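Work through the exercises below with the sequence and the model side by side. Try each task before reading its solution.

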Amino acid sequence: LLLSSVDAIRARPSQEEENMLAGRPYNPGKCDILQSKLQLSKKLCAEINKLDGLPSSRDKWCRKLFGKWTTGYVEPPFYADYGCHTEVGDNFYCNHGCVILDCGKVTIGNNVFLAPYVGIYAATHPLDSKARLDYELGSPIVIGDDVWIGANATICPGVTIGSRVVVAAGAVVAKDVPDGVLVAGVPAKVIKQIT
């Protein structure tokens with residue numbers, strides 16, 4: 001993979017991608033530009049996943065994968081749909097086996113820690129089975145500063161998580177979470193105030 005080709009592929013516009021990021025129906029299978037961006041993300045994730053050693057060895061690949069990357073560390077394996085629709089703040093830590101499906105914009109604040117196997121899913125599909133064959137939907141996710149998301153937690157499309165939040169292991173966050181709380185359960189509910 002040539003790093004110089006990444007920016008050229010990412011810069012190609014498409015109506016389907018515009019629809020996707022605006023939360024309107026889109027069909028990635030019928031758009032060569034989206035398909036090329038998906039394939040690019042797979043290649044960038046593969047590069048991140050095969051590297052051992054110091055954070056700096058993954059840093060150049062993370063800068064190419066994510067829409068915004070400053071400082072942080074991603075443990076392999078890591079998977080992303082597009083990567084370029086995810087913006088990551090300072091001091092990000094992503095443990096093994098995490099997945100970010102960023103067909104809706106994903107914004108992650110500063111000092112966010114993801115435990116193993118966290119899933120952040122901005123992708124959703126129509127409930128109607130016939131419509132589901134024709135299109136998908138994306139809905140943005142926002143995660144504030146100083147958030148710790150426990151192992152195997154799921155963050156659903158359209159959710160905003162406030163700052164200074166702890167999401168317990170195994171929680172399914174399907175609704176917005178205010179600042180300074182611990183949430184747990186399926187679906188996740190506020191357990192207590194922590195700040």
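**Exercise 1: Cysteine 62 and its surroundings**

Leaving aside its neighbours within four places in sequence, cysteine 62 is in contact with Ile48, Trp69 and Val74. Contact means heavy atoms within 4.5 Å. This is a predicted model: local features need pLDDT of at least 70, side-chain atom pairs count only at pLDDT 80 or more, and totals for chains, interfaces and linings use all residues. Residues are numbered from 1 along each chain as its sequence is written, and side-chain values use heavy atoms, with hydrogens and water left out.

Task: find the element that holds cysteine 62, and decide whether the residue is buried or exposed.

Solution. 
- Step 1. Cysteine 62 sits in helix H4. Helices (H or I, at least four residues) and strands (E, at least two) are DSSP runs, numbered from the N terminus.
- Step 2. The relative accessible area of cysteine 62 is 1%, so the residue is buried. The cut-offs are under 20% for buried, over 50% for exposed, and partly exposed in between (1.4 Å probe, protein chains only).
- Step 3. Now look along the chain. Cysteine 84 is 22 residues apart from cysteine 62, and their C-alpha atoms are separated by 9.9 Å.

**Exercise 2: Cysteines and bonds**

Task: state how many disulfides the structure holds.

Solution. 
- Step 1. A disulfide is a covalent bond between the sulfur atoms of two cysteines. The test here is a pair of cysteine sulfur atoms within 2.5 Å.
- Step 2. The structure holds zero disulfides. Cysteine 31 is in none; its nearest cysteine sulfur belongs to cysteine 84, 12 Å away.
- Step 3. Check cysteine 98. Its closest cysteine sulfur is in cysteine 94, at 3.7 Å, which is too far for a bond.
- Step 4. Compare burial. Cysteine 31 has a relative accessible area of 8% and is buried. Cysteine 98, at 0%, also counts as buried.

**Exercise 3: Aromatic pairs**

Task: which residues form one aromatic cluster, and how do the rings of phenylalanine 66 and tryptophan 69 lie?

Solution. 
- Step 1. A pair of aromatic rings is described by the distance of the centres and the angle of the planes. Rings of Phe, Tyr and Trp (its six-membered ring) pair if their centres lie within 6.5 Å; planes under 30 degrees apart count as stacked, over 60 as edge-to-face and the rest as tilted.
- Step 2. Searching the whole structure gives four aromatic pairs. In one of them, the centres of phenylalanine 66 and tryptophan 69 are 5.3 Å apart with planes at 10°, so this pair is stacked.
- Step 3. Phenylalanine 66 also pairs with phenylalanine 78: this pair is tilted, at 5.8 Å centre to centre and 50° between the planes. It links distant parts of the chain, since phenylalanine 66 is in the loop between H4 and E1 and phenylalanine 78 is in strand E2, 12 residues apart.
- Step 4. Phenylalanine 66 is buried at 3% relative accessible area, tryptophan 69 is buried at 7%, and phenylalanine 78 is buried at 1%.
- Step 5. The cluster consists of Phe66, Trp69, Phe78 and Phe92.

**Exercise 4: The largest nonpolar core**

Task: which members of the largest nonpolar core touch the most other members?

Solution. 
- Step 1. Such a core is a set of buried Ala, Val, Leu, Ile, Met, Phe, Trp, Tyr and Cys residues joined through side-chain atoms within 4.5 Å.
- Step 2. Among its 42 residues, the answer is Phe78, Ile120, Ile149 and Ile161.
- Step 3. H3 gives the largest share of this core, four residues.
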